Amino acid sequence: MKIAFLINQTHKEEDKFTTTLLALKALERGHTVLYIGLADFVYQDELTVLAHCRVYEPGEKLPTAARFLKQLRESSKVLTDMADIDVLWLRFDPTLDMISRPWAAASGIQFAQLVKRNGGFVINDPDNLIQANNKLYLENFPKAVRPKTLVTRNHEDVLKFLKKQGDKIILKPLKGSGGKNVFLIKSNETQNLKQTVEAIARDGYVIAQEYLPEAVKGDIRFFLINGNPLEKDGKYAALRRVQSADEIRSNIHQGATAEPAEITPDILKLIKKVSKKLRDDNMYLVGLDIVGDKIMEINVFSPGALRHISQITEVDFSDLVIEDLEKRVRSFHRAKKSTQKK
């Protein structure tokens, strides 16, 4: 099977990334791995989409993550017809190119749509990713699962929202990741609110959310596969991310620590409330960020932390993901052949 990962740029990939983990597992299971950057596509005609790919074939010995990426970067690109791959897996982060390459993410989705339209198997579904390319996607889910939210670029709107919420709120970019430009705003510390909103709004809209007291305990990153909890050997693909004492962000690369997560029946009930829509939207691999009884974010592009989760739980979830993908690819191509015969 040929698995093509659509990433931002190969030289920006790291050995700790979930994409690297999944690629190595695919190689271990005998699959060919292709890396496609957002700038690598070629539109030839309405039936032909090509890409300049870095290709890594499976071998007798599995490389380390560092060696895999080094060899991948040093390899020459091969012009490949997207009709010849088995699955195109969208694993890029749209926010990484917002400033330097604002065209990149939108172009990547458009090319992925063309691949899908020409009969290719694409995950997560590019048509629905258009609707899910920022934090407003969460507003399509039941009110019970999400925090009270305001989206604006006006600081007076934020001030009114803060007064309505009472003590404090969280401000962050509507389109962002990695904990960048996330602020805790208290009702008695609003002297710099206008400047804070303006700073965030330089990159687009601002999202204000109610502050959940449970946030002091960090958040839970929880993986779903095809709308269902990613579970193996009685353990869930989840961890708790606990921020340092002087930090509000729970991102691991911002200094948060990864700890085992207790998955309660209430958390599973919460997840069940979003499962059907994620499945209907063909969101294959998703990371939920959960605080208390609310889902703060739904990560549909390139959810990370699977390596940390595997280390903490001592369960190799990447094996389960690739095994499930193999079944879905076979099912997709069987259905495609059946349709073509009719």
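Buried means under 20% relative accessible area, exposed means over 50%, and partly exposed lies in between. The structure examined here is a predicted model.

**Exercise 1.** Determine whether D281 is buried or exposed, and identify the salt bridge that joins D281 to K277.

*Solution.* 
Step 1. The relative accessible area of D281 is 10%. Buried requires a value under 20%, and D281 is therefore buried.
Step 2. K277 has a relative accessible area of 28% and is therefore partly exposed.
Step 3. The side chains of D281 and K277 form a salt bridge, with N and O 3.1 Å apart. The cut-off for such a pair is a nitrogen to oxygen distance within 4 Å.

**Exercise 2.** Describe the salt bridges of R29 with D319 and with E326, and locate the partners in the chain.

*Solution.* 
Step 1. Side chains of opposite charge can pair when their charged atoms come close.
Step 2. For R29 and D319, the closest N and O atoms are 3.0 Å apart. R29 lies in the loop between α1 (18–28) and β2 (32–37), whereas D319 belongs to helix α9 (residues 317–341). The two residues are 290 positions apart, and their pairing links distant parts of the chain.
Step 3. E326 also forms a salt bridge with R29, at 2.8 Å from N to O. E326 is in helix α9, 297 residues from R29, and this pair likewise links distant parts of the chain.
Step 4. R29 has a relative accessibility of 32% and so counts as partly exposed. E326, at 9%, is buried.

**Exercise 3.** State how many salt bridges a search of the whole structure finds.

*Solution.* 
The search finds 21 salt bridges. Two of the bridges within that search are R29 with D319 and E326 with R29.

Key. Residues numbered from 1 in each chain as written. Predicted model: local features only at pLDDT ≥ 70, side-chain atom pairs only at ≥ 80, totals over all residues. Heavy atoms only, no water. Helix = DSSP H or I, 4+ residues; strand = E, 2+ residues; numbered from the N terminus. Buried < 20%, exposed > 50% of the residue type's maximum accessible area, 1.4 Å probe, protein only.
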